[in-house]
Amino acid sequence: MEYQNYIVGKRVPRSDSLAKVTGVALYTADLKLPGMLVAKVLRSPYPHARILNIDTKRALKVPGVKAVVSGFDGYGVKWGVFKYTQDHAMLHTDKVRYIGEDVAAVAAVDEETALEALEYITVEYEALEAVFDPLESMKEGAPLIHEAYPNNINIHVHIDVGEVDKAMAEAYYVRQDTFKAAGEAYAMMEPYAVVASYQNGYLDLWMPNAGPHVRAKALSNLLKIPLNKVRVRHINSGGAFGGRSEVSPGDFIASLLSIKSGRPVKLVLTREENAISTRQVHDIIATIKTGVKKDGTIIAKDYRVIYDGGAYSSTGPIATSIPFYVYEECYRFSNVRYNGYRVFTNKGIRGMYGCHGRAFLAGNEAQMDLIAREIGMDPVDIRKKNGLRKGEATATQSKIISCGLHETIEEAAKRSRFKEKWHTPSKYNGIGMGCVAIMCGFPMGFRSGSSCYVKLNDDGQATIVTGLVDNGQGNESMMIQIASEVLGIPMEDINLINADTEITNLDPGAYSQAAAFVGGNAVKAACEDARKQIIAIAAEKLTTNADDVALKDRMAFSKTNPEKKMPISWIVREAFFRGNPIMGKGSYFPYIDFEREWVSRPYGQMAGTFSFGTSVAEISIDPETGKIRIPRFIAAHDCGRAINPMAVEGQMEGSIQQAGIATIMEENIWHKGFLLNPDLLEYKVPLSCDMPDIETAIIHSLDPEGPFGAKEGGLTIRMNAYSAVASALYNATGKLFKELPLTPDRILNLMEERKEKEE
Amino acid sequence: MKTVKVKFTVNNDKVTLQVKPYETLLETLRERLSLTGAKEACSLGACGACTVILNGIPVRSCLILTPEVDGMKITTIEGLKKGEKLHPLQKAFIEKGAVQCGFCTSGMIMTAKTLLDRNPKPKKEDIVRAISSNTCRCTGYKKIVEAIEAAATE
Amino acid sequence: MILPRLMYKKAKSINDAIQLFQKNNGNTFYLAGGTDIVPQVKLRLHAIDMLIDLKAIKELTGISVRDGWLSIGANTTLFEIKNHSQVREYFPALFQSLDATSCETLQMRGTIGGNILQNTRCLFYNKSLEWRKAKGFCFKMGGETCNVVPNAKACFANYCSDNAPSLLSLSAEVSLLGINGGRRIKLEEIFSGNSKTPFTILQGEILTAIHIPLRKTKGAYEKLRVRDSIDYPLVSAAFTLENGKGLLSIGAIGARPFLYSLDNMNENTVQDVMERIYNDSKPVANTILPASYRKKMARILAKRVITNVLREAHS
């Protein structure tokens with residue numbers, strides 16, 4: 001089918017912006033339901049303790065309290081993303097495993113009463129020894145956090161391709177380094193909130209989430225309510241960045257309270273609770289050994305990576321693997337070994353993150369620059385030498401069907417005058433590059449695909465119904481834009497119903513970078529189904545062939561004789577008359593090897609396609625304070641085709657903050673299981689004044705499978721911006737970083753070491 | 001504890017309320033007046049998502065006790081458009097793609113409005129200085145600055 | 001986050017405020033901009049049951065010249081002071097510290113009185129009640145230990161006002177009015193040197209005005225922070241030079257700013273001061289970034305402010 005790209009590819013205002021700029025867009029904490037109660041949660045003060053007893057009787061007697069719950073009110077069902085990681089009961093009855101873990105909760109007529117009632121819940125604990133460092137946690141004799149996981153090793157991913165040891169021995173140059181990074185905070189602007197309303201057997205829920213269907217399914221299992229009676233509704237989301245994909249204790253708590261009280265319940269977390277008791281980001285220690293040939297070809301990689309997972313599995317196997325995959329999807333590795341260990345500690349639960357893996361990825365890229373220098377190459381040449389191309393397969397056997405990697409490298413290098421600057425750094429100024437690939441989807445079993453329905457009303461306007469989720473990145477608008485192109489009607493004529501488990505069919509959610517490629521393809525397929533029906537009637541009425549009919553601006557017309565035309569609305573009515581209303585349906589399931597498993601079989605097609613990107617950062621170091629300034633940042637991303645270039649730019653620009661500037665300032669700071677900066681003052685989210693001059697470039701590799709050639713819209717920058725900064729540090733100082741973030745004290749130490757070496 | 005009477009103007013509407021003496025302006029706006037555009041993101045005045053305009057000045061409404069605003073004039077995001085006509089900032093934020101998740105948007109626009117009211121032709125550094133009072137996690141601020149620049153020319 | 005139950009009173013005059021304070025038997029805070037105390041009250045750091053709003057008291061706002069002093073009402077906002085032409089022209093150290101305080105929005109609400117009388121800060125202190133109960137109450141919360149330094153005998157919370165160091169470098173004085181009448185003292189005399197209770201101000205006493213001797217000075221303020229807006233200083237340095245004599249103040253380490261006079265500006269006196277600063281600064285691990293780094297930076301910032309001012313003085 002030939003499209004003229006009337007609207008796809010244009011910079012269009014997003015469909016959701018008007019409600020947001022006028023203050024009427026609703027988020028979970030804005031909801032008010034009749035009779036709604038306020039919930040508050042009692043949390044563990046211990047990092048590790050046995051629960052001996054929970055007494056809620058006195059709390060129930062506080063006037064205005066309508067329900068009190070603890071783990072003893074559940075069915076003891078343990079949830080997990082995978083069958084083999086089912087370790088989380090939402091509210092536990094055996095142990096608490098991190099400070100801030102949910103233990104009990106109340107629902108009362110107002111917040112004051114709820115807070116007061118918490119003081120009347122008595123919990124008896126037996127404090128246990130706790131462990132906070134992942135390396136300590138793996139040692140013999142460390143306190144065991146979960147019975148099922150000896151040495152607190154939650155997940156071990158082992159990948160072995162080719163003959164690593166042999167290749168290392170034959171390498172011209174070998175280098176091994178260890179890199180560390182503290183885990184970040186998602187710091188999304190919306191603190192977590194849930195509204196649950198249980199009435200007549202139906203449980204309705206609203207919460208910011210990346211996938212309502214997996215929530216509903218999890219809650220159905222946890223609460224033993226049939227799936228059709230658990231309805232997760234659409235609500236605006238104030239940012240997720242990977243941290244709101246899974247069912248949370250708050251969902252379970254609000255549901256139980258609503259069931260018990262018979263009234264709607266709203267639970268809103270404070271910023272501190274959001275930081276401590278919802279998902280955090282993994283701390284990582286990455287040991288990277290690389291062997292190269294004299295011509296710069298990487299012939300061997302040997303990895304050992306430790307992920308500090310906190311107290312429960314969460315997306316365990318996925319988090320333990322992703323940094324490796326986004327890297328092996330970018331470069332050619334004929335021999336590679338990866339041992340990734342996710343380890344439990346008595347800290348908050350770590351999940352998948354849009355910027356996940358900075359120690360590993362920045363370490364790889366900065367080390368590559370060092371190796372390049374050692375063998376007389378530069379960062380551009382060595383990346384082009386090893387960068388994958390269309391038609392090739394990754395080390396773990398994913399075929400690449402479109403690849404703009406080299407174009408992103410060239411474009412970023414050109415715009416930044418990279419080679420010129422890299423070869424002549426000054427003592428305190430440097431330039432660096434970072435590349436990465438992103439899989440557009442993960443193997444998610446039967447949830448890997450998306451489906452869409454389309455209905456047209458008798459005025460020729462449409463409603464599209466899709467499970468796709470928007471967490472702020474512009475997915476909803478993108479679907480409307482695609483539908484507009486295919487149906488030939490303007491965006492304002494198209495309504496969207498999405499992310500509602502009662503109405504919309506399965507979709508992978510705003511998770512695994514699948515919205516454009518999978519969700520978009522399903523919307524396109526459904527709209528093409530409707531389009532076919534429209535065109536069939538138009539061809540008949542205009543007495544021409546179906547091939548000759550085009551749809552644009554609410555009209556169907558003959559391409560060869562545009563005077564022959566009729567409004568789409570007439571066609572819709574005609575279809576009703578014929579007893580065959582225009583109804584579109586379509587699905588898209590990406591080509592993924594469903595035998596692939598993160599731990600047991602980490603080989604096979606990972607995703608339908610991959611995006612590619614390159615970041616370049618220029619840094620400047622203040623020699624007396626060690627403070628790094630980042631005056632310029634250039635990002636180039638191959639998204640196949642940008643459906644809305646403005647939205648893709650927005651993703652890249654946001655990534656430069658969240659991954660790039662974050663490199664010099666973002667970290668969660670711990671003291672014996674206590675999070676020292678669970679707030680937005682001491683956790684440093686970069687502000688406008690901290691941002692560099694930014695230039696972005698979009699590369700169109702026109703993916704053969706993606707809708708209009710589209711792939712995911714910008715996540716590469718979230719996973720390579722820190723590499724550019726780390727590489728720039730190497731360029732300026734000749735030294736590899738040891739630990740992220742690159743706070744000024746670390747830079748001063750690094751420069752002192754350099755000085756000592758020079759003397 | 002006894003409630004106190006407070007009279008003030010919100011978006012040109014005169015209101016008289018009985019509030020708890022320890023109620024914050026943010027609570028009053030969101031819970032009593034259903035003006036949920038101002039958001040609670042940090043509760044401690046660090047992020048600016050709760051920013052409203054109080055007698056012409058941008059303030060963190062989460063740090064103000066409602067009785068403090070007796071006799072004063074408040075503007076919230078809901079009060080910016082005139083009928084169906086959007087304020088130039090609202091129009092520019094939409095057109096320049098400066099809105100992603102939208103949670104910081106209301107506070108960001110209110111801060112920007114006070115800047116333009118006081119300095120109709122701001123330089124880029126004035127804009128950056130003003131909006132460095134507000135935290136955004138999605139946009140990287142670039143399109144927000146561009147939107148304010150565009151609104152200033154209108 | 002909701003506030004705990006408390007009463008609100010709007011004072012009509014200074015005397016009215018003092019009387020309301022007395023009537024409530026302590027357990028009362030005065031409220032100006034609220035940007036320092038409201039977050040603390042929300043975190044349940046203080047068991048007060050009344051806030052007395054001073055903002056309606058007209059005499060507490062405004063900038064005037066009297067008898068060779070520039071007098072600034074304690075309720076005057078930082079933004080207003082920053083934009084006052086004489087402040088810009090005569091007191092560059094103060095202008096720079098006002099401009100560096102927090103962010104523009106908070107400069108428009110925060111008052112100079114409130115900025116000076118802000119509570120000391122510590123990563124283990126400025127936390128919710130639940131967090132602190134789990135950790136254990138420290139000296140500053142009425143407990144018996146320090147959560148940062150084991151076996152410490154005193155509190156190490158940091159006094160983080162940006163403007164106190166610059167005002168000290170300008171030889172500022174303050175006026176106070178309380179139950180026992182009014183007094184005017186040097187700014188440095190309001191500091192107790194005790195992080196737990198950082199001020200010598202008497203119960204119920206109101207800071208009414210700040211006075212700076214009106215004369216043209218050369219000065220500068222340097223602030224070390226991670227982000228270029230909002231953040232408190234991790235270390236700060238203010239320097240004012242006039243007639244070849246300098247006053248240098250180091251802030252954000254410990255209970256009060258340090259103050260050093262340089263009677264002449266030669267190489268030796270400057271080196272000597274650097275040495276003294278390094279020895280006097282005893283930061284601990286109660287902020288972002290290591291204490292050893294902040295200790296090093298105190299000296300660097302001091303060097304920078306002095307260098308900036310000398311360079312400007314010679315041009």
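Author: Happy to! This is a predicted model, and we can begin with chains B and A. In their contact, 46 residues of chain B meet 54 residues of chain A.

Reader: How much area is buried between chain B and chain A?

Author: Both sides are summed in this value. Carbon and sulfur atoms give 57% of it. The area buried between chain B and chain A is about 3,800 Å².

Reader: Which residue of chain B meets A:E666 in a salt bridge?

Author: The count between the two chains is seven salt bridges. In the one with A:E666, the N to O distance is 2.7 Å, and this pair counts because the cut-off is 4 Å. The partner in chain B is B:R137.

Reader: Which helix gives the largest share of the side of chain B that touches chain A?

Author: Polar contacts between chain B and chain A number 24 residue pairs. On the chain B side, helices α1 (25-32), α2 (88-95), α3 (105-118), α4 (124-131) and α5 (142-153) each supply at least two residues. The largest share, four residues, comes from α2(B).

Reader: Now to chain C, please. How many salt bridges does the rule find across the interface of domain 1 and domain 2 of chain C?

Author: The domain assignment gives domain 1 as 1-58 and domain 2 as 61-117 + 158-313. The area buried between these domains of chain C is about 1,300 Å², with 61% from carbon and sulfur atoms. Four residue pairs are in polar contact between them. For salt bridges across this interface of chain C, the count is zero.

Terms used:
Residues are numbered from 1 along each chain as its sequence is written. Chains are lettered from A and ligands numbered from 1 in the order in which they are written. This is a predicted model: local features need pLDDT of at least 70, side-chain atom pairs count only at pLDDT 80 or more; totals for chains, interfaces and linings use all residues. Side-chain values use heavy atoms; hydrogens and water are left out. Domain bounds come from an automatic or database domain assignment. Buried area is the accessible area (1.4 Å probe) that two parts lose on being put together, summed over both. A salt bridge is a side-chain nitrogen of Lys or Arg within 4 Å of a carboxyl oxygen of Asp or Glu. A polar contact is a pair of N or O atoms within 3.5 Å; within protein, one must be able to donate a hydrogen and the other to accept it, and residues adjacent in sequence count only if both atoms are side-chain atoms. Contact means heavy atoms within 4.5 Å.
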